[in-house]
Amino acid sequence: MGVKIGYVGVDHHHRDPYFAVASGLDIDITAVCEPGKRVDLGSLAAMDERPDEITTEGQEVADLVAGATVYEDPHHLIADGDIDVVWITYRNDKTPSIVETAVDNGVHVISEKPIGRTAADLEAVATRANEVGVTVSPTTFYRKNPVAMELRDKVRAGFFGDIWTVQGRFNASQLSYRNTDHYIYDRATSRGGSLQWIGPHWVDMMPWILDDSIARVNARFHDAAETDVEAGAVLQFETKKGTLGTYHTGYYLSERGKDTHLGLYGTEAQARTPIHHDSLQHEPTVPLELTAKYSDWSGAPRRTIEYEFTYDRFPAWGDYVQDYFEAYFEGYETGDVPATVDDAVQLLRVLDAAYESGNSREWVEVSE
């Protein structure tokens, strides 16, 4: 038997593809839980009624967890379930306490980002996890995106020189396409909307590529008509090394798919790329356009690399998502994972500053 998994939060639209990820790895989902409910494993079916989000296109979900033990209390699952890792896709306001129970029981964690509503929810748990050697990791997939990894390598090699500015955009389908009755669109449960849910991917990715953390932010939001979380957000930010950035994210698109762009502008070179498409957009490649003024680039100062992404193992976004989970399960016992609990805390600190800025309409420093 491979790694034994307890899965918490089956009423979540990422459940189906994550079950599929598990089926492709040497891991076994031996316990499942939807807190406060008695899950009937035999009646589990693909969430194809949510075409706005991530579906399995008819995969037999029940087969992937056949024989698993059902729990109604996630804390009992962790304490009594004889598991190695708890995999969480549950409410932001409740997830930190589940992680705390896992840490107390020596159970490692992979959790849907951002693992809490605020940094204060997670900081003490993170400290304890580091003290006892329990791995807690958020699902910040872009750290395994091939284009993002290439850009990070070039930044570290000094290819761009001093980086003046970075520009990010990640927009997704409108709330009218989404099940806004779900808890992820509730302010008391989740704290925010587009920035708290889709936004964390790039709020994590941009400073990761730059190898330079965000020091302060200035954010503006606009409200959604369908729910009490924001529909969109625009952030200005400055990194510790002085790079200026903007980030635009929201539920704006009148069609399924994603609208993405990353621009990176330095003294010696620049880059422009969508970072990724998804399978709904049917684009054959993801371009990375580089412009540089090095002498050995003078004959062709603008060059484009075309990345042919695959979607066989994770159709909705690309197989780099599967790569992320493979890396986690290869390294969780030693802590050698793509993103750590400290990364999750830092992400939440940036989000804290952004929401504070939205209220105060002032620049806000990111806490240390």
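**Entry 1: helix 1**

I started with helix 1 and found that R15, D16, P17, Y18, F19, A20, V21 and A22 are buried there. Buried means under 20% relative accessible area, exposed over 50%, and partly exposed in between (1.4 Å probe, protein chains only). Helices (H or I, at least four residues) and strands (E, at least two) are DSSP runs, numbered from the N terminus.

A note to myself on the source: this is a predicted model, where local features need pLDDT of at least 70, side-chain atom pairs count only at pLDDT 80 or more, and totals for chains, interfaces and linings use all residues. Residues are numbered from 1 along each chain as its sequence is written, and side-chain values use heavy atoms, with hydrogens and water left out.

Back to helix 1 (residues 15–23): eight of its nine residues are buried, so the helix is largely enclosed by the rest of the structure. The partners are strand 1 (3–8), strand 2 (27–33), helix 2 (61–64), strand 4 (85–88) and helix 10 (320–331).

Next I traced an open sheet of six strands, with parallel pairing and the order 3-2-1-4-5-6. Its edge strands, each pairing on one side only, are strand 3 (69–71) and strand 6 (136–138). From one strand to the next, the twist averages 25 degrees. Two strands pair if DSSP finds at least two bridges between them; strand 5 (residues 108–111) and strand 6 have three, in the parallel sense. I found V109 opposite V136 in strand 6.

**Entry 2: H108**

I stayed in strand 5 to look at H108. Is H108 buried or exposed? H108 is buried, with a relative accessible area of 12%. Leaving aside neighbours within four places in sequence, its contacts include D84, V85, T135, Y328 and E333.

Definitions and conventions
Axes fitted to C-alpha atoms, helices over the stretch in contact; angles between N-to-C directions. Contact = heavy atoms within 4.5 Å.
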